[in-house]
Amino acid sequence: MSEQKVYKPRQISGFPEWLPEYRAVELQWLDKIRGVFERYGFCSIETPSVEEIDALTAKGGETEKEIYTLTRLQADERDKDTSRLALHFDLTVPMARYVAQHFNDLVFPFKRYQIQKSWRGERPQKGRFREFYQCDIDVVNVDSLPLHFDAELPAVMFEAYQALDIPPVELHISNRKIIVGYLQGLGIKDIPFVTRELDKLDKIGIEKVTKILSESFQGDTSLAEKCLAIVQIQSADNSFADKVRGLGVMSELLELGLGELRFVMDNLKHLPKESVIANLGIIRGLDYYTGTVVEVRFKGKPMAIGGGGRYDDLAGSFISQKLPGIGMSIGLTRLFAMLLDEGYIKPGAKSPTQILVVLPDESRRPEAAATAHTLRQRGYNVELFHSDSKVKRQLSYAERKGIPYVWFPPFEDGKPHEVKNMANGEQIQADPSEWKVKEVLK
């Protein structure tokens with residue numbers, strides 16, 4: 001008889017998985033974020049993991065190279081329909097399709113949150129994943145969307161990060177109208193190209209960006225430096241507006257953007273001091289942003305750990321209605337992995353079990369099972385040990401899994417129940433129908 005071939009398991013690059021004690025923390029994060037979103041009136045939706053390829057590629061762009069298509073390993077002619085499907089690479093396109101498809105059934109402004117995994121076929125590296133959780137919120141309305149949502153959503157995001165008990169974060173906020181209006185005032189023709197290059201400032205540095213822009217302006221370094229001047233303006237108050245005007249460039253769109261950013265800053269004054277920064281270097285590379293743009297960062301760190309912005313008509317590819325909105329996203333997997341690598345995240349419980357019921361021997365399994373049932377009915381998470389092993393082994397099992405209490409049903413007829421606090425070693429008599437945790441806590 002030939003030996004069965006053994007496949008040696010290995011981690012698939014870009015697809016993270018956690019041990020139970022860290023998955024428990026991740027689940028706590030998801031619950032806390034969900035709680036914050038719902039306190040502000042956002043409702044949950046969940047869309048399929050797949051969308052039609054035509055829907056995902058409706059707006060084009062670099063993301064087309066990262067899309068995972070869906071096919072069977074042994075596909076045949078009958079699989080033509082599924083060959084049009086692919087895993088979604090973010091939650092924005094599915095949301096836009098969802099709103100268009102259910103337009104007549106939704107109440108507007110439509111406030112939705114969506115917590116799901118997405119997939120991108122990019123090269124895995126530190127901080128980049130092929131499969132990852134995103135936590136998105138959006139407000140979408142018909143024809144126009146009140147500006148106060150541009151302040152509400154950053155406030156929601158700030159509160160969500162605070163709920164996670166992680167290092168302090170700050171909101172960096174700008175408005176796309178400011179940079180576009182400023183470049184119009186300078187007479188720049190290819191504004192999308194210039195904004196994309198300016199958005200690389202933190203990645204490649206001011207010298208390289210200046211060189212790239214100068215070359216595109218036929219060697220006009222002075223014009224490149226003027227482009228760079230505005231993205232270096234920051235303030236924790238409304239003084240950014242005077243700094244912009246001091247550059248001597250004017251346009252109607254620029255003034256409109258400055259006014260909108262002042263409104264947002266004024267309506268975020270309730271947040272902790274210096275946790276909101278007007279940062280005109282925040283551009284966000286996605287071209288569909290048309291107004292407020294936001295990045296969330298750890299205090300004093302340049303890397304974005306979340307963000308979003310306002311868009312005029314994201315669902316235009318799916319419906320002949322103007323549906324402006326504003327959306328924000330937390331890249332939860334990237335954030336979680338980063339803090340885990342840095343040793344900031346402490347492990348949670350290895351098991352949700354609160355009480356382990358000891359099995360005295362097989363003859364007493366019915367009574368032990370009834371004890372476990374009684375405790376579960378009272379709201380406790382209870383595990384019945386799987387075999388009539390020695391008590392020492394059962395206690396070792398509870399200790400290794402971090403189970404805080406061990407319950408001893410009677411080992412003989414007429415004897416009482418007892419419960420042991422594994423933290424302090426105290427063991428007392430107890431009734432499974434009446435016992436409460438506080439009785440053994442010191």
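The model is a predicted one, so local features need pLDDT of at least 70 and side-chain atom pairs count only at pLDDT 80 or more, while totals for chains, interfaces and linings use all residues. Residues are numbered from 1 along each chain as its sequence is written, and side-chain values use heavy atoms, with hydrogens and water left out.

Nine strands make up an open sheet with mixed pairing, in the order 1-4-5-11-10-9-6-8-7. At its edges are strand 1 (43-44) and strand 7 (234-235), each of which pairs on one side only. Here helices (H or I, at least four residues) and strands (E, at least two) are DSSP runs numbered from the N terminus, and two strands pair if DSSP finds at least two bridges between them. Within the sheet, strand 9 (residues 289-298) and strand 10 (residues 304-311) are antiparallel partners over six bridges. Look there for E295, which stands opposite G307 of strand 10.

Next come the helices. Helix 1 (residues 20-39) lies across strand 4 (110-119), strand 5 (131-140) and strand 11 (325-330), and runs at about 5° to strand 5. Axes are lines fitted to C-alpha atoms, for helices over the stretch in contact, with angles from 0 to 180 degrees between N-to-C directions; contact means heavy atoms within 4.5 Å.

Another pair to find is helix 5 (residues 176-185) and helix 6 (residues 191-198), whose axes come within 11 Å and cross at roughly 120°. That angle makes helix 5 oblique to helix 6, since angles under 35 degrees count as roughly parallel, over 145 as roughly antiparallel, 65 to 115 as roughly perpendicular and the rest as oblique. Helix 5 brings R176, I179, V180, L183 and Q184 to the contact, and helix 6 brings I191, V194, T195 and L198.

Finally, some backbone details. Most residues other than glycine have a negative phi, and most peptide bonds are trans. F108 and P109, however, are joined by a cis peptide bond with omega of about 0°; P109 sits in the loop between helix 3 (92-101) and strand 4. D143, not a glycine, has a positive phi of about 75° and belongs to the loop between strand 5 and helix 4 (149-163). Q218 also has a positive phi, near 55°, in the loop between helix 8 (206-216) and helix 9 (221-231). Q218 counts as exposed because its relative accessibility is 72% (buried means under 20% relative accessible area, exposed over 50%, partly exposed in between, with a 1.4 Å probe and protein chains only).
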